[in-house]
Amino acid sequence: MRVRKAVALGAALTLTALVSACSANSGSSSGSSTLNWWTWDDKQAAAYKVCATDFEKANPGVTVKITQYNVVDYFTKLTAGFVAGKAPDAFQNSVQFFPQYADQHQLLPLDDYIKKDKFDLSRFSVGVDSWKYTDGHQYGLPLDWAATGLYYNTDMLTKAGYSTKDVQSLSWNPDNGGTIGKMIAHLTLDTKGRRGDQPGFDKANIKTYGFGQLAAKDFLGQSTWSSFVSTTGWRLGNKANWPTQLNYNDPRLVKTMDWIRTLVAKGYAPKIGTFTNTVSDVDLLSSGKVAMETGGSWSASTFAKIPTVKVGIAPTVLGPDNKTRAVFSNSNGNTIWAGTKDPDLAWEWVSYMGSEACQTKASATGTFFPSIPASMDASAKALKAQGVDLSVFTDMLKNKELYPSPDFRNGAALQDAIEPLIEGYFGGQKSDSVFADMQAKTKTILTQK
């Protein structure tokens with residue numbers, strides 16, 4: 001996607017001054033050197049190449065090598081690199097693995113660099129505290145942020161008798177589903193064209209589900225059930241950061257999950273396994289298999305590019321009080337390997353990636369949300385000129401409707417333990433008692449070192 005020339009030119013001018021200043025402060029940029037940076041995100045790998053090119057121009061002899069691995073293999077390859085002493089100089093990191101790497105002393109503390117360069121952490125909108133460890137050190141800079149929105153097929157919405165205004169302020173409660181519950185039922189169609197709230201509706205033969213995959217095994221519920229239960233005041237951990245248990249047995253979550261199961265039982269939403277893992281949210285909306293679904297902000301520009309279907313974006317639901325919206329948000333970070341042979345150069349690159357100039361230029365693709373508000377505004381403005389309206393997400397940020405994902409230990413072990421239980425619950429093999437089991441497991445796993 002192209003960016004208006006005014007935005008691109010302004011970013012380039014700021015960029016040259018910033019990167020030149022950084023290179024002047026360190027002798028590590030002289031001579032021939034390769035800086036390796038890894039990511040699991042193919043879109044960010046492509047987006048940050050523009051920053052790499054400008055960084056190389058400002059630092060003659062330096063090559064920035066960006067490598068992207070599939071997320072399934074990414075962290076295994078990182079661990080292998082740590083063991084072999086061949087990890088990348090810097091890399092995109094997840095809060096799920098951050099504590100483990102910090103405990104293993106694989107991450108370089110950034111405090112001295114931040115102090116020396118007077119690097120202002122307040123430039124970031126979200127995520128700074130997510131990269132501060134229990135030892136008090138800052139190990140990463142926010143690289144991006146994400147939220148959840150409601151994506152819907154505008155033609156299906158219109159044919160069902162709704163307007164785009166109707167979907168902008170949907171309410172929800174776990175007792176009767178609120179206005180979104182009624183809309184989901186009416187958007188559902190069986191193979192004979194009968195709607196979910198009409199006589200004779202056949203829940204065994206569905207043409208279009210009113211809503212997408214809420215009955216998901218995702219143990220955080222980031223882009224599925226969290227936007228519903230969070231409106232009740234529920235939060236994932238018993239503490240904002242470094243919780244000692246996750247609140248799976250909270251009655252508010254149990255009631256939410258029960259409501260989701262009723263959607264599946266009535267034929268309004270698909271069961272786990274209805275669609276294969278290779279079928280994306282974009283595929284489902286474009287094929288007509290679902291009318292509406294929750295999805296990540298990172299998919300906004302992809303939905304907008306569907307050639308045959310117009311997709312609208314609405315904010316997530318208001319809660320039982322009809323005024324509270326709360327959206328789970330996480331921020332991936334940029335970290336430096338403690339074993340890098342050139343920590344000064346790695347810091348120059350990471351701190352440049354955390355500049356307004358780089359983030360504005362890289363995020364012009366609209367494939368990720370930059371963590372600096374000015375860059376986010378520039379990206380949203382450029383994309384709106386191309387027909388992609390991100391105001392749903394920027395409004396969440398400005399209205400302080402986002403709340404951060406907590407940092408916690410042993411994320412991989414937690415995922416392995418909890419997801420099969422959630423899947424069993426939505427598959428009908430387990431009852432509500434599973435939530436007490438889930439919470440008990442988190443007490444054990446989160447406190448292990």
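Author: A charge is taken to sit over a ring if NZ of Lys or CZ of Arg is within 6 Å of the ring centre and within 35 degrees of the ring normal. By that criterion the charged end of Arg235 sits over the ring of Tyr403, at 4.0 Å from its centre, and Arg123 lies over the face of Phe119, 3.9 Å from the ring centre. The model is predicted, so local features need pLDDT of at least 70 and side-chain atom pairs count only at pLDDT 80 or more, while totals for chains, interfaces and linings use all residues. Residues are numbered from 1 along each chain as its sequence is written, and side-chain values use heavy atoms, with hydrogens and water left out.

Trp40 lies in the loop between strand E1 (33–39) and helix H2 (42–47), whereas Tyr74 belongs to helix H4 (residues 71–84), so the pair ties together parts that are 34 residues apart in sequence. Helices (H or I, at least four residues) and strands (E, at least two) are DSSP runs numbered from the N terminus. Trp40 and Tyr74 are both buried. A further pair, between Phe98 and Trp242, is tilted, with 6.4 Å from centre to centre and 50 degrees between the planes. Phe98 lies in helix H5 (residues 98–103) and Trp242 in the loop between helix H9 (226–229) and H10, so this contact ties together parts that are 144 residues apart in sequence. Phe98 and Trp242 are again both buried, a word that means under 20% relative accessible area, with exposed over 50% and partly exposed in between (1.4 Å probe, protein chains only). The rings also form a cluster, in which ring pairs link Trp38, Trp40, Tyr69, Tyr74, Phe75, Phe82, Phe91, Phe97 and Tyr101.

Among the helices, H13 (residues 343–353) has nine of its eleven residues buried, so it is largely enclosed by the rest of the structure. Its buried residues include the aromatic Trp347, Trp349 and Tyr352. Helix H8 (residues 178–187) is mostly covered too, with eight of its ten residues buried, including Met183, Ile184 and His186.

Helix H17 (residues 411–426) has 16 residues and reaches 22 Å from its first C-alpha to its last, close to the 22 Å expected at 1.5 Å a residue, the expected span being 1.5 Å times one less than the number of residues. H17 bends by about 25 degrees at Ile418, and Pro420 follows within four residues; the bend is the angle between axes fitted to the seven residues ending at a position and the seven starting there. Tyr425 and Phe426 are among the buried residues of H17, and the buried residues of this helix pack against helix H10 (251–265) and helix H18 (434–446), contact being heavy atoms within 4.5 Å. After H17 comes Gly428, which has a positive phi near 90 degrees.

Positive phi values also occur in residues other than glycine. Most residues other than glycine have a negative phi. His105, however, has a positive phi near 60 degrees; this residue lies in the loop between H5 and H6 and, at 64% relative accessibility, counts as exposed. Asn322 has a positive phi of about 65 degrees, is located in the loop between strand E10 (311–314) and strand E11 (327–329), and at 48% relative accessibility counts as partly exposed.

Technical notes:
Phe/Tyr/Trp six-rings, centres within 6.5 Å; stacked < 30°, edge-to-face > 60°.
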